Amino acid sequence: MRVFFLLVLIMLINQVSYAQELPKDTLYINDESIDEIITYKAKDSIYIDVKNQIVYLYNEAHLETSFVKMDAGFIKIDLNNNEITATYLIDSTGNKVGKPFFSDGNEEITATSIRYNLNSKKGYIKDVQTQQDEIYLYMGVAKRQANEEIHFKQGRFTTCDLDDPHFHFQLSKAVLIPEKRIVSGPMNLWIKGVPTFLGLPFVILPQQKEKLTGFIFPRFIPSSNFGFGFQDLGYYLPINDYIQTTFYGTLYSKGSFGFKNQTDYYKQYGFRGSITFGFESFRSGFPTNNKQNNFKFLWVHGKESNSNPFWNFSSNVNFNSINNSQFNLDPVNNQYLNNSFNSDIRLDRSFGALPIRSGIKISTRQSTVTKNIELVSPIANFNMTQVYPFKNLFKSSRGYRQIFTRFGVTYDFEGKNTSTFADTLLQQSRYNDIQSQFKNGISQRVTMKTTAGVFKNTLKINPSLNYSNNYNFQTSEKFLDTSNVVQSRVINTPGMSQQVSLNANATTVLYSYYRFVGKGKSLLRHVLTPSLGYSYQPNINVNKTFINPLTNETITYSPFESSVYQSFNTRDASLITFGMNNTLELKRKSDKDTLTGFKKTKLLDNFSISGNYDLLKDSMNLSDLNLSLRISPASFLNFVSTGQFSPYDFNDSTGAKTKDYSINSRGTLGRFLNVAFNTNLIIASKESRQKLQNTQEVLSKDWNADYQQFILRPDQYISFDIPWKLNIAHVYSVTTNEFRSEFNPEKQIAVQTLSFNGDVSFTKRWKLSGNSSFDIETAKITYTQLNLIRDLHCWTLSFNWTPIAQVKFFSFQMNAKSSLFQDAKLRFQKPPFFL
């Protein structure tokens with residue numbers, strides 16, 4: 001219903017007077033009249049008191065003007081006084097329903113009672129509640145002024161969204177200036193309705209969107225391997241709306257210290273990222289006083305999805321100069337179990353609809369096991385994706401024409417400059433030695449292939465021609481060292497190698513069905529995908545020879561065996577390749593499937609065997625066989641196995657292969673050179689597994705490196721929405737030692753570990769989580785960590801204990817969930833020994 005108050009007030013409200021000295025056609029209207037169009041409605045009833053000029057709206061009442069919106073259980077419109085009064089209703093159970101909601105375009109509030117004047121724009125409010133971002137502000141009694149300021153008493157300031165918050169700051173008298181500040185008199189902290197001694201005589205709470213500089217409270221470390229001290233005393237400095245930086249400092253009593261700077265940046269519709277520089281100095285203290293320095297550099301950069309579609313710049317850098325993940329000033333070291341640090345910086349360029357791409361990348365691979373660093377600086381590439389030059393020459397692709405219409409050509413160009421060196425060279429600043437180990441070269445590759453289907457497309461034939469040209473700026477040569485042992489060394493003599501291969505491959509798919517007897521009408525389907533191919537690889541390179549002066553033995557080798565683009569071929573190769581892939585699927589009757597009436601279960605996801613036979617070799621023509629097995633009988637169970645099987649006999653003393661087949665000399669098929677079994681089991685309810693999958697999908701959309709661990713391992717994600725889960729992983733691998741000696745006599749090298757990771761909520765708010773790793777070969781627990789977490793709604797209480805590790809550790813922490821109070825936390829770590 002629309003009421004035009006200008007006309008109503010002329011007829012019913014306004015006091016009309018005629019001045020005797022003025023003309024009779026002059027009309028005067030009270031200036032206090034309402035000239036707004038008001039739209040109102042109610043669910044139950046609308047009552048208009050014409051005599052007193054009052055409108056009553058009952059149940060789910062709604063009122064709207066050009067600048068004000070109100071919703072309440074009850075609304076009264078007083079036309080005489082130009083006031084609107086709104087309050088709640090009481091339902092049959094005695095609960096308050098329909099609390100008034102007020103919005104004027106700038107702010108929104110909820111209260112138990114609102115009285116608002118349309119002309120003066122002033123209001124009187126009781127028990128008001130307003131929210132801005134994560135802040136909840138409660139006002140006992142408030143009055144809204146014409147300048148939009150709100151004066152209130154009995155205020156509560158909190159980040160808890162409950163009507164009776166777990167904690168709040170009690171404000172005696174205060175003034176709220178929208179989008180600027182809240183100014184209050186005495187303020188103190190209340191916890192569960194009980195006042196504490198913590199407070200301030202006055203407080204000014206800024207509300208402007210501009211970020212302010214300030215100090216970040218550190219974590220105090222009572223005891224650690226470096227003594228006692230403090231961790232990450234910081235200073236936050238926002239430079240502008242797009243760049244913010246923070247400086248951190250760490251200091252321990254034994255002399256160890258560290259500095260860190262983290263800068264975050266963001267450009268709308270462009271990119272966002274974070275750069276961290278860090279320096280750590282480790283001191284053992286008296287009496288040894290050993291010293292070691294570490295430089296850290298972390299850089300995460302991501303492109304916004306709605307930015308330039310042709311350019312893409314990304315980085316994920318994690319560089320550590322001492323190449324040791326277990327050396328860290330932070331007692332809570334999230335990278336403790338990492339055995340590598342990988343870094344990549346990449347720039348890519350695409351050209352719209354054109355089938356070409358180019359890019360350049362710089363990368364490092366640091367291994368904490370081998371203590372080597374592989375630096376690629378840079379690698380540049382230019383690629384032409386597959387194009388079909390004859391596709392438009394034929395109107396149809398049937399018959400022989402499919403050979404031409406499906407004929408495709410690809411081209412790849414790559415230039416690489418790389419060096420692999422010991423990490424000690426970097427720690428000792430021996431940059432000349434690092435530079436001397438760089439290898440570089442250029443590679444080009446052209447592939448031409450097509451495909452054709454014969455016998456009604458049941459047999460696919462795929463011929464191809466591959467040509468590659470590699471130009472290396474370093475080659476190798478053999479020499480006799482001082483111990484009269486033939487060695488190989490790299491020399492700065494460039495050379496070019498070429499490789500050509502003619503290939504043809506034929507594949508098909510065979511289906512077999514096995515029906516079981518019984519009421520279930522079970523059906524087993526076996527899908528066999530065999531492949532048979534031929535590859536001819538002529539050796540068109542010039543080999544080198546070395547004659548051992550002591551034995552007169554002639555060694556033929558490729559000069560590119562140690563180049564950046566390696567080539568080991570010293571002869572022609574004529575290979576017959578073969579392979580087969582198998583899958584098994586069971587189909588049985590099920591009442592749960594309302595569409596087909598059957599349920600399908602994968603018994604065997606994949607079982608494959610591949611190998612080749614070289615027609616031109618004088619012995620050992622058959623290659624080792626590669627086997628792969630993958631079984632996922634359920635969404636929570638996964639089993640993967642890989643292996644390499646050799647059909648040849650071997651030397652009992654050294655383990656090396658011989659030329660004879662094992663079936664002829666030993667009467668056995670052969671032996672496995674290596675085999676690995678990986679089993680992963682997630683024990684959780686079906687709903688919990690679905691939540692883990694949804695979590696992985698959500699986190700994968702966030703570029704933040706903090707989430708990458710959970711993206712790769714969603715089973716490690718801890719949520720109170722998941723009551724319990726347990727992840728069990730078993731890894732078992734055996735490798736045959738083919739180079740046994742006096743110093744390495746083991747016939748086989750076995751690695752077998754069992755790891756557990758899980759959590760359980762034994763109440764709605766308490767959760768216990770942990771992870772542990774057990775080495776079955778040594779029968780020792782290598783790592784164990786336990787966490788006890790209490791959800792306090794707006795706070796989190798956690799206890800972390802690492803009883804088994806190189807650095808044992810425990811901590812107790814209580815912190816607010818809100819990002820507004822992210823530095824408001826109480827943390828106790830491993831206490832001094834005398835406690």
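Because the model is predicted, local features need pLDDT of at least 70 and side-chain atom pairs count only at pLDDT 80 or more, while totals for chains, interfaces and linings use all residues. Residues are numbered from 1 along each chain as its sequence is written, and side-chain values use heavy atoms, with hydrogens and water left out.

The chain holds seven helices and 55 strands; these are DSSP runs numbered from the N terminus, with helices (H or I) of at least four residues and strands (E) of at least two. Of its 835 residues, 34% are buried, where buried means under 20% relative accessible area, exposed over 50% and partly exposed in between (1.4 Å probe, protein chains only). Among the contacts (heavy atoms within 4.5 Å) with a separation of 6 or more, 48% join residues 24 or more positions apart.

Turning to the rings, the whole structure contains 17 aromatic pairs. Rings of Phe, Tyr and Trp (its six-membered ring) pair if their centres lie within 6.5 Å; planes under 30 degrees apart count as stacked, over 60 as edge-to-face and the rest as tilted. F639 and F677 form a stacked pair, with 6.2 Å between centres and 25° between planes. F639 belongs to strand β45 (residues 637–646) and F677 to strand β48 (residues 671–683), so this pair ties together parts 38 residues apart in sequence. Elsewhere, Y47, Y56, Y58 and F74 make up one aromatic cluster. A charge can also sit over a ring (NZ of Lys or CZ of Arg within 6 Å of the ring centre and within 35 degrees of the ring normal). R666 does this with F650, its charged end lying 4.2 Å from the ring centre.

Charged pairs come next. Side chains of opposite charge can pair when their charged atoms come close. The count comes to 18 salt bridges, each a side-chain nitrogen of Lys or Arg within 4 Å of a carboxyl oxygen of Asp or Glu. In one of them, E83 meets R115, with the closest N and O atoms 3.9 Å apart. E83 lies in strand β6 (residues 83–87) and R115 in strand β11 (residues 113–117), so parts 32 residues apart are tied together. Both ends are partly exposed, E83 at 23% and R115 at 40% relative accessibility. D759 and K725 form another salt bridge, with closest N and O atoms 2.3 Å apart. Here D759 is buried at 5% relative accessibility, and K725 is buried at 4%. Finally, salt bridges with shared partners join D344, K361 and R365 into one network.
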